[in-house]
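Visitor: I should like a close look at one part of this model, namely the backbone around its loops and the helices beside them. Please describe that part in one connected account.

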Amino acid sequence: DQTSGAPASTRAARVAPSAAKRELGRGERVLPGVFRLRLPLPWPGVPHCNAWALRAGDGVVLFDTGMHQPDSLANLERALAMCNLRLEDTRLIVCTHAHSDHCGQAPIIAERAGCDIWMHPSHELLKGMVEDPEAVFARRLEVARQSGVPAEPLQRYAAEGKPRQTGFAGVIEPARELIDGVTVTTDLGEWIVYETPGHSPSHVCLFQPDRRLLISGDHLLGRISLYFEYGNSPDPVGEFLRSLDVVQGLGARLCLPGHGRTFADVHAHIEGNRKLVHERLERVTEALRQGPLTAFEIVPQVYGDSLSQQNAHWLLSKILSYLTHLQAVGRARALSGEPERWTA
């Protein structure tokens with residue numbers, strides 16, 4: 001759900017798989033004592049994520065870790081080495097939220113470095129994916145069925161889409177819960193935790209008030225992009241909008257995001273996210289005026305013909321989150337019956 005166009009993806013599509021450049025971990029200093037670790041991801045359209053290593057005494061605090069996959073640790077160590085750092089320099093791991101690309105490697109790093117992991121307590125998705133990924137997958141299938149996905153593509157997805165790797169190295173039992181007001185100490189000063197649910201109920205941002213620096217995870221990205229974790233909180237979209245208000249009140253002047261490069265126009269990005277959310281809500285509302293529709297029937301009216309097996313879960317999750325928010329504010333309601341249909 002991105003406002004930038006698709007030239008990058010179009011170019012990527014023209015490159016033969018054998019000619020595509022293999023992503024490797026990379027590290028760079030962006031500020032004194034602040035290092036960006038750019039780590040590969042296996043997802044189309046999302047080729048990498050950021051971890052941030054910040055100097056803290058004789059080591060670093062590692063904000064996010066990247067995804068757990070066969071070459072993930074080697075890529076992290078490669079990125080750290082480019083910054084003259086080692087994995088064993090990690091004194092604390094701070095996870096902005098419980099998605100695999102942000103905390104998947106945390107248990108392995110914590111064991112190697114002998115350090116603690118801090119995370120928000122609302123990490124149900126992580127526990128479910130590690131302890132019973134088949135149940136999580138079955139739930140996704142059931143949500144898709146109730147949302148009106150036809151039997152044939154649903155059966156194909158059930159046969160081909162079973163998770164082989166979860167992206168998590170293991171269950172995380174945080175040594176400390178990241179809730180409002182908790183502070184993390186680095187050489188740049190104290191970072192204050194702000195709960196910012198919406199993208200995920202476990203999401204937090206961290207703010208350094210003296211330098212007005214924001215570690216934003218996936219709450220704010222350089223390229224405006226929306227995703228809501230559906231099913232683990234009552235109104236993800238409403239939570240996201242309230243979280244934008246929280247972050248706007250901080251007055252950050254530089255953002256260290258979970259994907260892409262740093263950016264300074266933080267206020268403009270907040271407004272851009274608000275605008276895109278309201279545009280999507282209006283598109284969903286317009287679709288509902290045609291009569292009762294399933295979430296599956298609404299997807300092409302909001303996103304065109306972009307639905308595929310690879311992104312179906314993401315798009316349905318977003319549409320269901322918009323519908324849930326519209327219901328919460330009295331602009332839509334779900335009708336009884338299966339598949340579930342919605343009306344204005």
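Guide: Asp64 counts as buried because its relative accessibility is 2%, where buried means under 20% relative accessible area, exposed over 50% and partly exposed in between (1.4 Å probe, protein chains only). The model is predicted, so local features need pLDDT of at least 70 and side-chain atom pairs count only at pLDDT 80 or more, whereas totals for chains, interfaces and linings use all residues. Residues are numbered from 1 along each chain as its sequence is written, and side-chain values use heavy atoms, with hydrogens and water left out.

Asp64 is found in the loop between strand 4 (59-63) and helix 2 (72-81); helices (H or I, at least four residues) and strands (E, at least two) are DSSP runs, numbered from the N terminus. The phi of Asp64 is near 70 degrees, a positive value in a residue other than glycine. Arg212, likewise not a glycine, has a positive phi near 55 degrees and is found in the loop between strand 10 and strand 11. Arg212 is partly exposed, with a relative accessible area of 36%.

Strand 4 and helix 2, the elements on either side of the Asp64 loop, are among those that cover the buried residues of helix 4, contact meaning heavy atoms within 4.5 Å. The cover also includes strand 5 (90-94), helix 3 (100-103) and strand 6 (116-119). In helix 4 (residues 106-113), the buried residues are Ala106, Pro107, Ile109, Ala110 and Ala113. Seen down the axis of helix 4, they fall within an arc of 165 degrees, so they line one face of the helix; the arc is that of the directions from the helix axis to the C-beta atoms. An α-helix has 3.6 residues a turn, so residues three or four places apart point the same way. Gly114 follows helix 4 and has a positive phi, near 65 degrees.

The 13 residues of helix 8 (residues 236-248) should span 18 Å at 1.5 Å a residue, and the end C-alpha atoms are 18 Å apart, which agrees; the expected span is 1.5 Å times one less than the number of residues.

A further backbone feature is the cis peptide bond from Glu338 to Pro339, with omega near -5 degrees. Pro339 lies in the loop between strand 13 (333-335) and strand 14 (341-343).
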